[in-house]
Amino acid sequence: MSARAWLIGLALAVAPLQCIAQGFAGMAADPEGFALPDAEPGFTFPADHGPHPDFRIEWWYVTANMTGPEGQEFGLQWTLFRSALAPGEAEGWQSPQIWMAHAALTTQSEHYVAEKFARGGIGQAGVTPVPFRAWIDDWEMGGDTLRNVTISVADERFGYDVRLSTDKPFVPQGIGGYSVKSEAGQASRYYSQPFYALEGVLHLPTGSVPVTGHAWLDREWSSQPLTETQEGWDWFSLVFDDGARFMGYQLRDRAAPAYAVATWIAPDGTPTPYPNGAFSAEPLSTHFVAGRDIPVRWRVTLPERGLDVEVSALNPDAWMETSVPYWEGPIRIEGSHNGRGYLEMTGYE
């Protein structure tokens, strides 16, 4: 939902935060001293494309479904996470910001993953809104504006150079960008760009492959996005052949029913948010990966839109063996609507 990026438990991997047992990856930690999201509708662009250092966690999260010249299917992920040890920013090594990035490339038979860490304040990583640039070392996403960007990743085993472009509006999630995560009121500021057209080249051990496809950006920031009993989530981004989009996630809770919300996005970019309980996701089968059973085939429904689809993983082994491990990969969609999309699942032990 990018509930996703709450993976930013990255701070827990590299810093002595005191909240390891508080919610999934410590994301229910007391937000004392940090800013909390406001419920005012709308965003201020381009400023909100940049960082919000008074909030504890933030991310720039891209996933993409792609096709090669022989009909091969691929998935791509590029994510930059920011986590703060204290609110605000400072120069040089005094910066309280920690950065982490994940890159992944998925084929029907292989799943490649890489991870990077950096300190803020020294130029190794960061984000600027104008011109837009998000980087960590030599991994970079940038362009004149966030509507037209290139993403470049080079790892020892894989890489990619792709261009994303769109003329569609950025889409607020929740009520005007205020995305509530629980009955207790945890929330984030959240918007998406689900309408990127993509073209570029993937670099695989077997050689380079030209691809075309579509990409989805999620932007989110918060300081306490989970409750102490929320253990993980299942997040779906669905791109339908008729041009519509769907985002839905359920936050699994050991003390209460899952909190499940969704957004239907019309082909022109108009969003319709749906409250807790309007959509459902039912696991249909699991796959044993990384020592655990992971649901890799689901039934997803949103009755008010006539949505009733089965989604299945392109590659069931799309496990992200990173500091905070999770499953994320491309999916196929069949049923009342057809298409392709992405699925992320966290908190499965």
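Tyr61 is buried, at 0% relative accessible area (buried: under 20%; exposed: over 50%; partly exposed: in between; 1.4 Å probe, protein chains only). This is a predicted model: local features need pLDDT of at least 70, side-chain atom pairs count only at pLDDT 80 or more, and totals for chains, interfaces and linings use all residues. Residues are numbered from 1 along each chain as its sequence is written, and side-chain values use heavy atoms, with hydrogens and water left out.

**Aromatic pairs**

- The structure holds 15 aromatic pairs (rings of Phe, Tyr and Trp, the latter by its six-membered ring, with centres within 6.5 Å; planes under 30 degrees apart are stacked, over 60 edge-to-face, the rest tilted).
- Phe45 and Tyr191 pair edge-to-face, 5.0 Å centre to centre with 70° between the planes.
- Phe45 sits in the loop between α1 (10–14) and β1 (57–67), and Tyr191 in strand β12 (residues 187–204), so the pair ties together parts 146 residues apart in sequence (helices: DSSP runs of H or I, at least four residues; strands: E, at least two; numbered from the N terminus).
- Phe45 is partly exposed at 35% relative accessible area, whereas Tyr191 is buried at 0%.
- Tyr61 and Phe81 have ring centres 5.9 Å apart and planes at 85°, so this pair is edge-to-face.
- Tyr61 lies in strand β1 and Phe81 in strand β2 (residues 73–84), 20 residues apart.
- Phe81 is buried, with a relative accessible area of 0%.

**Ring cluster**

- Ring pairs join Phe43, Phe45, Phe170, Tyr191 and Trp221 into a cluster.

**Charges over rings**

- The charged end of Arg189 sits over the ring of Phe43, 4.6 Å from its centre (cut-offs: NZ of Lys or CZ of Arg within 6 Å of the ring centre and within 35 degrees of the ring normal).
- Lys168 lies over the face of Phe195, 4.4 Å from the ring centre.
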